Amino acid sequence: MSKPRTIIEKIWDNHVVAERAHAPALLYVDLHLVHEVTSPQAFDGLRTRGLKVRRPDLTIATTDHSTPTTPRGLPIVDKIAAAQVERMVQNAKDFGIHCYPLGSDKQGIVHVIGPELGLTQPGMTVVCGDSHTATHGAMGALAFGIGTSEVEHVLATQCLLQKPSKSYQVLVDGALKPGVSAKDIILALIARIGIGGGTGFVFEFCGSAVRALSMEERMTVCNMSIEGGARAGLVAPDDTTYQYLNGRQYAPQGAKWDEAVARWRQLPTDDGATYDKSITIDAASLEPMITFGTNPGMGIPIRGAVPNPSDITDPLERDSLARALVYMDLAPGKPLLGHAINVVFIGSCTNSRISDLRTAASVLKGRKVNPNVRVMVVPGSQQVKEQAQAEGLDKIFRDAGADWREAGCSMCIAMNGDQLQPGEYSVSTSNRNFEGRQGKGGRTFLASPMTAAASAIAGKVSDVRELL
Amino acid sequence: MEKFIPFESRMVTIARDNIDTDQIIPARFLKTISKVGLGDQLFCDWRYDAEGKPKPDFVLNKPETKSCKVLLAGDNFGCGSSREHAPWALTQYGFRAVISTSFADIFKNNSLKNSLLPIVVPPDVHAELLKDPSGTVKIDLASQTLTLASGRHVQFPVDEFAKHCLLEGIDELGYILQQAPAITAFESAHPALIDTRG
C-alpha cells in the first residue's frame, strides 16, 4: 500500500515535470486563464525574447477588470482602460490564443467563465494572474494566482517553478441555518484565523456542510481562500461536481466523460492522510457575517458589536484596528446593524453567479430598494446575464430600483468606472474591504448576497433573517 | 535581472500590519500596459492628498527618507492581490529590501523575481528595529545576514534557488526554458484535457 495522500498531494504529484537538486519542482499547468490587467507586460516579455505561447490550446483570455459594465454599444470612456482592453485582444490574436472579448456572449469575469464553460476540471492545475484564481478549486482543481513574471513563464513554457504548499483542512460540519450562506462560512473562517492565517497553506474544505453546498456556493468559499492568506483552496470532486460539469462546452463527452469521471473519483483525500493543520467549524452555529474594518478578517456576526482596540494587547494589532475604525468612521463597542449605507454592490468573482442573483432576487422580489441607496447588480458573465434575463431576474432588480449591468469585475476593484465616492459606505458581496478598494475613500462592508439585498431595501446594514 | 549585491541603508518604517497591495499601489494605476513609471504612485493614497500634493506627515515625503533602500513594515506585508505592480512600484521608488515578520505568499514570489528581497525576522528583532525606525541596516544576501544599527547580526531565511538567482542576476524563465526536453516528455505522456480553441 502506498502512503495515504491528500487531494492536494495527488494533484501535485500528477503534475511534477522535473525535480532537480537545489531548485523548486517544475510543475505543469493544465489551464492558464489570461485577462487584460496582468498580461500585457508578459506578452511584451515574450516579444522581447522572441518566444511563442507554448500551449495556446491550454490558454484562454477574456477582459473583465478594467472593462466597463455600461451597455456594450458604448465606447470605453477611459482611454487608458480602452487601450488595455484592446491590447488583450491584439495579444490574443498575435499569439494565437482564444479570447472572449468585450462584446462576446461568453465574456465575463475570468473566474466565472472558467467553470461555466467547463474549462476548469477536477484534478487540473489552474493558474491566472489574479489572486482569486482559488475560485476554481471548487471543481477539485489546484488553482492559484500568480504574478506577471509567472504569467510569462506559463505562456512560454506551460510550467512554473513551485514548492509544495502545506495542507490545511477546513472541516465544516452540520447544517447552515436559514439566512446563512457559503459567504458566511468563508467570512467566519477568515475572522477566526485572520488574513495571514493560511499563508503557506492550501485549504481543503470538507465536511458535511461543504458537501451540501452547490458548485457555485463552493466557488464562493474557495474564492476567498486568499483572503485567509492561502494561495489556493479546494473541495474534492463528488457527484455535485460531475453533475455541474457534465454537458458544458469544454467538458469531455461520451466515452471520454466516463473515463474522466473514473479518473476523478481517485482524487479525494485518502483515508488516513494527514494535514499540516486543521480547523473545525460548526455550520449550525454560524450567523450571517459582515466585515466592519479594512481587511476581510475584520468580520463579525451581523448582530455583533464592533470590537474595541483597547481590548487588544499587541501594539501593531491594536493600531491596525484603531486605524480601521478611523478610516471606517465607526465607534468601537457598537453594533453595525442599522448603520446607514449609500451603495449596495451585488457582483464580483465571489458572488455574481446565477444562484447568487436568484438569492438576491428572492429577497428583492416585490420590494423596493431604499431611495437613498444606489444598488448595482452586476452579473459575472454574459451567460449569467442571459440566464438571469431568461428567468426574469433583471425585471425583479429593475422593478426594485436596482441598476442591472453588463458583466465584469465592476465595483469590486474600482478601475472600470464603477466605484464609491469618498466617504460612502457600501454593503458589497465582493471579497476585499481594503482602504480605497472600491474607490478612493470608500468604505466597504463585505457580506452575502442575502445580507446585501436586505440592506438595500432598508438603506442600512440589515439582518436578512427578519425578511425570511 | 540585476545582481543583488550587499548594501547599507537607512530604513523607512511604516509600522502597520497587513499592508495590502491595494495600499502599495491602488488598482486604478493597473490600467497601464507598461512595467515602468509606477514609483511615483507607490502608497499613493497615503502619500498624496485629494489634490495630489504630498502629505508632509507621511514618511515617504520626509526629506530624510529620500534614497532609503529598505522598508520596515508590520506583519503580513503584501497581502491581497497578485499584482506584480506592487514590487515594481517598490523597486522603482528605490527599495531593494522589505523587512517584516511575514509576507503574503504571492507578494513574496513576485518580489524575488524583481530583485526585491523580502526579509523575515522574528518578533524580537522586529521590535528592536521598530525602536529605531530610521536606523541604518546592512544586508548581505550571500551570508543571509541582516546587521542592525546596534551591530547585532541576524540570519534570515531565503529560498536557496531564489538566492542563487538574485546573486547571479539569473532570470527564472531562462532556467525553465533549458528544461524543454522534460516538458516535451511530460506532454507526450499526458494528453491535453481540453482544447480552448475548439
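This is a predicted model: local features need pLDDT of at least 70, side-chain atom pairs count only at pLDDT 80 or more; totals for chains, interfaces and linings use all residues.
The buried residues of helix α3 of chain B pack against α1, β3 (97–100) and α4 of that chain. They are His85(B), Ala86(B), Pro87(B), Trp88(B), Ala89(B), Leu90(B) and Thr91(B). Since 7 of the 9 residues of α3(B), which spans 85–93, are buried, this helix is largely enclosed by the rest of the structure.

For chain B, the mean pLDDT is 97, and 100% of the residues reach 70 or more.

## Strands and a hairpin in chain B

Let us stay with chain B and turn to β5(B). Which of its residues are on the covered face, and which on the uncovered one? Val137(B) and Ile139(B) make up the covered face, while Thr136(B), Lys138(B) and Asp140(B) are on the uncovered face.

β5(B) pairs with β1 (residues 7–14) of chain B through 4 bridges, and these two strands run antiparallel. Here Glu8(B) has Lys138(B) of β5(B) as its bridge partner. β5(B) also pairs with β6(B), again in the antiparallel sense, over 3 bridges. Lys138(B) has a bridge partner in β6(B) as well, namely Thr147(B). As background, strands of a sheet pair through backbone hydrogen bonds, either parallel or antiparallel.

The hairpin of β5(B) and β6(B) has 4 residues between the strands, and Gln144(B) takes a positive phi near 50° there. The loop that holds Gln144(B) runs between β5 (136–140) and β6 (145–147) of chain B. Ser115(B) is another non-glycine residue with a positive phi, near 55°. Its place is in the loop between α4 and β4 (117–120) of chain B. Are these two residues buried, exposed or partly exposed? Ser115(B) counts as partly exposed because it has 17 C-beta neighbours inside 10 Å. Gln144(B) is also partly exposed, with 14 other C-beta atoms within 10 Å.

## Parallel pairing in chain A

Now for chain A, where 4 strands form an open sheet in the order β11-β10-β9-β12, with parallel pairing. At the edges are β11 (232–234) and β12 (277–282) of chain A, each pairing on one side only. From one strand to the next, the twist averages 20°.

Within this sheet, β9 (residues 166–173) of chain A is joined to β12(A) by 6 bridges, and the two run parallel. Val172(A) stands opposite Ile281(A), a residue of β12(A). Across β9 and β12 of chain A lies helix α6 (residues 182–193), running at about 125° to β12(A).

Elsewhere in chain A, β3 (residues 31–34) and β4(A) pair in the parallel sense over 3 bridges. Val34(A) has Ala61(A) of β4(A) as its bridge partner. Strand β4 (residues 59–62) of chain A is covered on both faces: Thr59(A) and Ala61(A) are buried on one side, and Ile60(A) and Thr62(A) on the other.

| Strand pair | Sense | Bridges |
|---|---|---|
| β1(B) and β5(B) | antiparallel | 4 bridges |
| β5(B) and β6(B) | antiparallel | 3 bridges |
| β9(A) and β12(A) | parallel | 6 bridges |
| β3(A) and β4(A) | parallel | 3 bridges |

In soluble globular proteins, nonpolar side chains tend to be buried together. Here, the largest nonpolar core has 204 residues, and the members that touch the most others are Ile185(A), Ile290(A), Val344(A), Leu364(A), Val377(A) and Val98(B). Which element gives the most to this core? That is α6(A), with 9 residues.

Val377(A) is worth a visit in the viewer. Leaving aside neighbours within four places in sequence, its contacts include Ile346(A), Leu357(A), Ala360(A), Phe397(A), Trp404(A) and Arg405(A).

## Where the chains meet

How many residues does each chain bring to the contact? Chain B gives 47 residues and chain A gives 64 residues. On the side of chain B that touches chain A, the elements giving two or more residues are α1 (21–24), α4 (105–112), α6 (160–168), α7 (172–177) and α8 (180–189) of chain B. The residues on that side divide into 18 nonpolar, 12 polar and 17 charged.

Notes: Residues are numbered from 1 along each chain as its sequence is written. Chains are lettered from A and ligands numbered from 1 in the order in which they are written. Two residues are in contact if their C-beta atoms, placed from the backbone, lie within 7 Å. Ala, Val, Leu, Ile, Met, Phe, Trp, Tyr, Cys and Pro count as nonpolar, Asp, Glu, Lys and Arg as charged, and the others, Gly among them, as polar. A residue is buried if 20 or more other C-beta atoms lie within 10 Å of its own, exposed if 12 or fewer, and partly exposed in between; C-beta atoms are placed from the backbone. Two strands pair if DSSP finds at least two bridges between them. Axes are lines fitted to C-alpha atoms, for helices over the stretch in contact, and angles run from 0 to 180 degrees between N-to-C directions. A nonpolar core is a set of buried Ala, Val, Leu, Ile, Met, Phe, Trp, Tyr and Cys residues joined through C-beta atoms within 7 Å. pLDDT is the predictor's confidence in each residue, from 0 to 100.
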